[in-house]
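Try each one before reading its solution.

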Amino acid sequence: MNFNKYQQRGMSGTTIMFLIVILIFILIVFFKLFPIYMENMTVVSALEKLKEEQNITQKMDSEIQRMFLGYLSDKDVKLFDSENVKQHVTIDRITEEEIVEITVEYQRVKSLMGNVSFLIEFKNSVEAPWVKIIEIYAMRWVTTLSKKIT
């Protein structure tokens, strides 16, 4: 097969510039959205800490919301304050299934450039098993008994 040495091989300068512009745009979008998703991962970890908390089902809703704010402030996340946490954090006690469902729902708006913005909606929830009062007293009784034996 003969090739003409004057025939174009490879990309032209215009194509290379176009690919560079697309790559820069993708990087700008990534660096704008990445911190928001990292912040949401912190919200998810705070919810997981709430789930692992002992007797979370016995606490009042305001106590659970205060604990949630405390976990977020430990990680230096300032998404919610004591006034708007009630709008974004809902606590449902489902007696049939004996669980407590804690849901955090919020939106973030991030400006891209000019009047173009991203709207990102997050909805995270966790279910904590409902520990009955009798089980709590039984656990306390077993621990005090084991302390007396040792």
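**Exercise 1.** In which helix is Gln65 found, and is Gln65 buried or exposed?

Solution. Start with the ground rules: this is a predicted model, where local features need pLDDT of at least 70, side-chain atom pairs count only at pLDDT 80 or more, and totals for chains, interfaces and linings use all residues. Residues are numbered from 1 along each chain as its sequence is written, and side-chain values use heavy atoms, leaving out hydrogens and water.

Step 1: Gln65 sits in helix H2; helices are DSSP runs (H or I, at least four residues), as are strands (E, at least two), numbered from the N terminus.

Step 2: Gln65 has a relative accessible area of 10%, so Gln65 is buried (buried is under 20%, exposed over 50%, partly exposed in between, with a 1.4 Å probe and protein chains only).

**Exercise 2.** Classify Arg66 as buried or exposed.

Solution. Arg66 also belongs to helix H2. Its relative accessibility is 55%, so Arg66 counts as exposed.

**Exercise 3.** Find which residues have the most contacts inside the largest nonpolar core, and which element supplies its largest share.

Solution. Step 1: a nonpolar core is a set of buried Ala, Val, Leu, Ile, Met, Phe, Trp, Tyr and Cys residues joined through side-chain atoms within 4.5 Å.

Step 1: the largest one has 29 residues, and Leu50, Phe68, Phe80, Ile102 and Val104 have the most contacts inside it.

Step 2: H1 gives this core its largest share, 7 residues.
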